[in-house]
Amino acid sequence: MEERSNLMNMMKLSIKVLIQSALSLGRTLDSDFPPLQQFFVVMEHCLKHGLKAKKSFIGQNKSFFGPLELVEKLCPEASDIATSVKNLPELKTAVGRGRAWLYLALMQKKLADYLKVLLDHKHLLSEFYDPDALIMEEEGAVIVGLLVGLNVLDANLCLKGEDLDSQVGVIDFSLYLKDIQNSDDSKQDAGITAVLDQKHYVEELNRHLSCTVGDLQSKIDCLEKTNSKLQEELAAATDRIGSLQEEQQQLKHQNELIRERSEKSVEVTIQDTKIELDTYKQSRQGLDEMYSDVWKQLKEEKKIRMELEKELELQIGMKTEMEIAMKLLEKDTHEKQDTLVALRQQLEEVKAINLQMFHKSQNSESSLQQKKETISSFEGKTNQMMSTMKQMEERLQHAEQARQVAEGKNNKMKQEFGGRIETLQQQLSQLDNQCSILEKELKSEKEQRQTLQRELHQEKDTTSLLKTELQQMEGLKKELRKLQDEKQQLEKVCEEQEQALQEMGLHLSQSKLKMEDIKEVNKALKGHTWLKDDEATHCKQCEKDFSISRRKHHCRNCGDIFCNTCSSNELALPSYPKPVRVCDACHTLLLQRCSSTAS
């Protein structure tokens with residue numbers, strides 16, 4: 001607090017001395033002017049107060065240029081200052097850049113405006129300053145108000161050639177010490193300068209207010225223009241919508257007319273195409289017969305060569321595919337055997353967990369029974385203690401009644417037998433003895449009663465403990481139920497795993513059957529021969545002759561040649577991963593095999 005107040009007083013003094021000296025010199029300032037230099041030193045101290053230290057590779061660094069850089073983002077007018085400061089090659093440190101920024105802002109007469117923008121965004125300054133810093137408190141606003149008075153001054157500061165990085169910021173107090181002889185003159189000068197400062201301050205405020213009023217009036221004019229434009233656009237849009245709706249209705253009517261015309265034209269074209277198709281088919285049959293004879297003679301030799309090459313390639317491909325299929329099936333069998341072993345191990349672990357859960361449930365049930373027996377025994381003891389307490393209370397009542405009777409007899413004897421005092425005194429002494437004995441008995445009975453009450457309290461405590469144990473037992477029962485549910489879930493998992501094992505066994509058996517089928521197919525393929533095109537002149541099944549319209553097709557299973565109708569079926573064979581052409585006989589045979597393996 002003391003440091004803040006001292007800095008505030010120094011700021012006021014430096015601004016006052018600077019304005020006074022500038023007025024005496026004609027308000028034009030250079031960079032060598034001592035009051036101006038001291039003002040910048042004090043300003044630097046105020047900006048450094050409460051500044052957070054930033055850690056870097058070299059060490060901790062305090063720089064007030066960081067918060068000054070924010071002005072460029074908040075106020076676009078300050079972008080020229082930031083660019084000119086960054087473009088100066090002499091400045092190598094953040095302190096030098098901050099000093100150059102202050103020089104340029106003072107020359108623009110906007111130092112107060114820029115600092116006011118910063119103070120309006122204190123949430124951004126909290127990253128650079130502590131909450132107790134001078135700028136974060138009310139003194140910052142006071143400094144901004146004092147800096148407005150500097151807008152009266154004209155400064156001409158040259159940044160080139162000055163070493164702003166290595167300047168030592170030490171406040172020189174000799175400028176602010178006054179002489180005693182010149183005190184009267186200084187008072188008069190101070191009054192004149194104060195009046196002039198106030199005048200210039202009011203003029204500056206008027207300038208700011210006129211600028212703001214002009215900006216507001218321009219904004220209002222812009223808003224009115226935009227409003228009128230929007231209203232005009234609205235009216236034009238409504239007109240456009242009406243015209244578009246009318247055009248839409250017209251287009252719908254035209255579409256209906258076009259659709260009717262197109263349907264009629266389509267019907268006509270369909271009839272024409274049918275007639276043309278009939279004529280084309282009749283002409284095509286004659287041409288096919290003529291062309292087939294010529295085509296046979298030209299292509300027979302080429303077909304023979306191509307078919308021989310294809311047969312060789314197919315046999316090589318069949319061998320390689322069979323080898324790959326055998327290897328893949330062996331890998332699948334090994335993987336399935338490993339999964340079977342892992343599933344068996346999991347089954348054994350699940351069985352062991354089930355046994356442990358069963359033993360835990362049995363132990364908890366036995367402990368429940370024992371605790372129930374102890375609770376019943378404690379209840380019997382409490383009942384006995386209550387009965388003994390009732391008996392002792394009855395004895396006490398009898399003793400008190402006897403005492404009352406004795407006292408009544410004593411009073412009667414005193415009244416009736418006044419002369420027999422000695423004998424009665426003896427009897428009284430005896431009665432006193434009896435009373436003392438009875439009192440002793442009463443005391444002992446009271447003590448016994450207290451002990452019984454203590455025992456009752458203890459038994460109540462034990463009963464409360466037993467109740468808590470009962471609650472714990474209920475919690476254990478809930479845990480038992482949870483464990484039983486988990487057991488059921490584990491049993492379900494076991495059943496699912498058993499089903500999975502069964503399915504794996506079925507898959508293994510199916511894979512073995514597939515292996516056998518592949519072996520049989522391999523043997524059959526070795527036995528079958530691929531029939532050449534020259535050897536077949538008619539279909540093997542329907543025995544119809546081949547022509548250009550009825551072409552030859554090989555069955556990929558038996559190797560014989562069939563027509564398209566007799567070999568239109570397709571099936572996936574072991575040697576062919578994709579479905580290929582198969583004759584009707586092979587198709588039925590292969591389907592029977594697949595159904596037998598599936599069953």
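Phe39, Phe40 and Tyr103 form one aromatic cluster, where rings of Phe, Tyr and Trp (its six-membered ring) count as a pair if their centres lie within 6.5 Å. This is a predicted model, in which local features need pLDDT of at least 70 and side-chain atom pairs count only at pLDDT 80 or more, while totals for chains, interfaces and linings use all residues. Residues are numbered from 1 along each chain as its sequence is written, and side-chain values use heavy atoms, with hydrogens and water left out.

The structure holds three aromatic pairs. In one of them, the ring centres of Phe40 and Tyr103 are 4.3 Å apart and the planes stand at 35°, so the pair is tilted, given that planes under 30 degrees apart count as stacked, over 60 as edge-to-face and the rest as tilted. Because Phe40 lies in helix H2 (residues 34-48) and Tyr103 in helix H5 (residues 94-108), this pair ties together parts that are 63 residues apart in sequence; helices (H or I, at least four residues) and strands (E, at least two) are DSSP runs, numbered from the N terminus. Phe40 counts as buried at 7% relative accessibility, and Tyr103 counts as buried at 6%, since buried means under 20% relative accessible area, exposed over 50% and partly exposed in between (1.4 Å probe, protein chains only).

The rings of Trp101 and Tyr114 have their centres 5.8 Å apart and their planes at 50°, so this pair is tilted. It links distant parts of the chain, with Trp101 in helix H5 and Tyr114 in helix H6 (residues 111-120), 13 residues apart, and both Trp101 and Tyr114 are buried.

How do helices H6 and H8 lie relative to each other, roughly parallel or roughly antiparallel? H6 and H8 are roughly antiparallel, because angles over 145 degrees count as roughly antiparallel, under 35 as roughly parallel, 65 to 115 as roughly perpendicular and the rest as oblique. The contact (heavy atoms within 4.5 Å) is made by residues including Leu111, Leu115 and Leu119 of H6 and Ala141, Val144 and Leu147 of H8.

Finally, consider the loops. Lys109, found in the loop between H5 and H6, has a positive phi of about 60° although it is not a glycine, and Lys109 is partly exposed, with a relative accessible area of 27%. Glu543 likewise has a positive phi of about 60° without being a glycine, and Glu543 is exposed, with a relative accessible area of 57%.
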